[in-house]
Amino acid sequence: MILEMKNIEKSFGGLEVLKDISFGVDSGEVVSIIGPSGSGKSTLLRCATFLETIDGGEITYMGEKAAWTDESGNAVYAGPHQMKKFRTYCGLVFQQFNLFPHYSILKNIIDAPMHVLGMSREQAEGEALNLLRKMGIADKASAYPYQLSGGQQQRVAIARAMAMKPEILFFDEPTSALDPELTGEVLKVIRQLAEEKMTMVVVTHEMPFAKAVSNRVIFMDGGVIVEQGDPRDVFDDPQEERTKQFLSVFER
């Protein structure tokens with residue numbers, strides 16, 4: 001198993017955002033997380049990628065504990081050297097792209113592989129150009145983010161995450177900032193990665209996409225996992241009333 005999260009708790013001030021969340025992701029699996037805004041989906045991804053610290057529970061990557069609850073009930077994390085390794089296991093694609101505006105597209109992609117993974121410039125550039133070809137934007141290597149459409153920028157963001165050779169890719173509503181036409185471009189790339197058995201966790205509001213591409217769907221609401229299972233079961237025959245209510249507004 002690539003990732004296992006057990007009994008995850010997270011609060012901001014007095015607001016409980018994640019309440020006893022447990023799930024795992026196997027190699028090659030695509031897991032979609034759906035649910036209303038404010039249900040804790042993005043916070044869960046930020047905890048999984050160490051952008052937020054958990055208050056309690058356990059995070060395990062590749063069979064090694066990255067975070068756990070000690071005897072006093074406090075969440076503790078592995079040491080700095082181990083955490084550096086754990087961070088290389090996961091990549092996160094944000095909804096707002098988060099590209100460096102003053103860097104060319106190529107520099108946006110090669111910077112982390114060179115400085116974090118220690119790649120030579122020649123190797124990093126070669127792999128970046130291959131990824132840009134895969135994303136259908138090889139001709140944009142010397143352009144700057146402002147010169148690209150939103151869909152192209154998001155494909156650069158995916159290439160940047162892939163350049164770090166993560167074991168698992170997380171997508172936080174990767175199409176929410178895009179119009180419908182550009183949304184299709186990005187979903188096509190994610191479908192392609194799914195066909196190549198890239199391990200992925202995708203927070204999305206694109207229900208037909210989640211149903212078609214996922215191995216498993218998780219429905220969250222109010223900081224808990226309400227229901228999860230095979231996409232056909234969750235979408236076509238939901239067992240929980242809250243799931244039925246949420247999905248009733250979508251065409252299935």
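Mentor: Ground rules: the model is predicted, so local features need pLDDT of at least 70 and side-chain atom pairs count only at pLDDT 80 or more, while totals for chains, interfaces and linings use all residues. Residues are numbered from 1 along each chain as its sequence is written, and side-chain values use heavy atoms, with hydrogens and water left out.

Trainee: Why is Phe50 called buried?

Mentor: Buried means under 20% relative accessible area, exposed means over 50%, and partly exposed is in between (1.4 Å probe, protein chains only). Phe50 has 8% relative accessibility, so Phe50 counts as buried. Tyr77, with a relative accessible area of 24%, is partly exposed.

Trainee: What makes strand β4 largely enclosed by the rest of the structure?

Mentor: Strands are DSSP runs of E, at least two residues, and helices are runs of H or I, at least four, numbered from the N terminus. β4 covers residues 56–61, and six of the six are buried, so the strand is largely enclosed. Gly56, Glu58 and Thr60 point one way and Gly57, Ile59 and Tyr61 the other way, and all are buried.

Trainee: How do you know that β4 pairs with β1 and with β5?

Mentor: Two strands pair if DSSP finds at least two bridges between them. Five bridges join β1 (residues 3–12) to β4, running antiparallel, and Lys6 has Glu58 as its bridge partner in β4. Three bridges join β4 to β5 (residues 64–69), also antiparallel, with Tyr61 opposite Glu64. β4 and β5 form a hairpin with two residues between them, and Met62 in the turn has a positive phi of about 50 degrees.

Trainee: Why is the Phe50 and Tyr77 pair called edge-to-face?

Mentor: Rings of Phe, Tyr and Trp (its six-membered ring) pair if their centres lie within 6.5 Å; planes under 30 degrees apart are stacked, over 60 edge-to-face, the rest tilted. That rule gives six aromatic pairs. For Phe50 and Tyr77 the centres are 6.4 Å apart and the planes sit at 80 degrees, so the pair is edge-to-face. Phe50 is in the loop between α1 (41–48) and β4, and Tyr77 is in β6 (residues 75–77), so the pair ties together parts 27 residues apart in sequence. Ring pairs also link Phe50, Tyr61, Tyr77, Phe86 and Tyr89 into a cluster.

Trainee: What makes the charged end of Lys85 sit over the ring of Phe86?

Mentor: The test wants NZ of Lys or CZ of Arg within 6 Å of the ring centre and within 35 degrees of the ring normal. The charged end of Lys85 is 5.6 Å from the centre of the Phe86 ring and counts as sitting over it. Likewise, Lys107 sits over the ring of Tyr103, at 4.5 Å.

Trainee: Which residues of the largest pocket's lining are closest to its centre?

Mentor: On a 1 Å grid over the protein atoms alone, a pocket is an open set of points where a 1.4 Å probe fits, with protein on both sides within 12 Å along at least five of seven lines; lining residues have an atom within 4 Å of a point. The largest pocket holds about 590 Å³ of space. It has 24 lining residues, and closest to its centre are Arg87, Cys90, Gly91, Leu92 and Met164. α2 (80–89), β7 (90–93), α3 (105–115) and α5 (150–163) each supply at least two lining residues.

Definitions and conventions
Points joined across faces, edges and corners; volume = space filled by probe spheres on them.
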